[in-house]
Amino acid sequence: MAESAETLAHPQAGKAISITPKRKVSETKSSTINFTSRNPPWTYLKLQLIPQPDAPALQPLDELSARTYISSALSQFLGLTGTAIPIDILKIEPKGDTTSSGTSHKYDSAWIRVPRDDGAAVVAAISSWIGGSGSASGAALRICAKGNYLGALVAGSGQDLFVP
């Protein structure tokens, strides 16, 4: 067929209809993929364990003591509802540990992850908590960083977060 358009006869009206072939969209070879995450499921927090000035020396922070401190703060602030908030402890950084950027920590710190919807309650509970009463050791947790994306919180490339 030499023509670029076909002509068909409409059976009921007897009219001729011309149909032109559709042009194909040229495919571009792009290696860039754009992705937008509007509602991330997690909130990430970096916490520091700060001893009280008149308290005896604290033991080094480990996963169990970090979980105990955070659960105590949530229980004191929100009661039983607070203890039901799931918390993932991602990393514990001991005092004096140096990062890949060469900075040394003055206090023990912990990286945690909580559901985004509970992030504000966890921040309020932790920032208002001072642990220990009576003869128990006094400590407080300071929130150093908070965000919905872990990569945005970590200084540099983030490679030092999961280094053993």
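Start by selecting arginine 116 and aspartate 117: their side chains meet in a salt bridge, 3.9 Å from N to O. Keep in mind that this is a predicted model. Arginine 116 is partly exposed, with a relative accessible area of 34%, while aspartate 117 is exposed at 67%.

How many salt bridges does a search of the whole structure find? Three, so there are others to visit.

Next, pick aspartate 88 and arginine 113. They form a salt bridge too, and their closest N and O atoms are 2.8 Å apart. Color by secondary structure here: aspartate 88 lies in strand E4 (residues 88–93) and arginine 113 in strand E5 (residues 109–115), so the pair links distant parts of the chain, 25 residues apart. Both ends are partly exposed, aspartate 88 at 27% relative accessibility and arginine 113 at 23%.

Now go to lysine 91 and glutamate 93, another salt bridge, with the closest N and O atoms 3.9 Å apart. Are these two buried or exposed? Lysine 91 counts as buried at 13% relative accessibility, and glutamate 93 is buried as well, at 4%.

Last stop: the second largest pocket. Select Leu49, Pro51, Leu58, Gln59, Pro60, Lys95, Lys106, Tyr107 and Asp108 to show its lining.

Technical notes. Residues are numbered from 1 along each chain as its sequence is written. This is a predicted model: local features need pLDDT of at least 70, side-chain atom pairs count only at pLDDT 80 or more; totals for chains, interfaces and linings use all residues. Side-chain values use heavy atoms; hydrogens and water are left out. On a 1 Å grid over the protein atoms alone, a cavity is a set of points where a 1.4 Å probe fits but cannot get out, and a pocket is an open set with protein on both sides within 12 Å along at least five of seven lines; lining residues have an atom within 4 Å of a point. A salt bridge is a side-chain nitrogen of Lys or Arg within 4 Å of a carboxyl oxygen of Asp or Glu. Helices (H or I, at least four residues) and strands (E, at least two) are DSSP runs, numbered from the N terminus. Buried means under 20% relative accessible area, exposed over 50%, partly exposed in between (1.4 Å probe, protein chains only).
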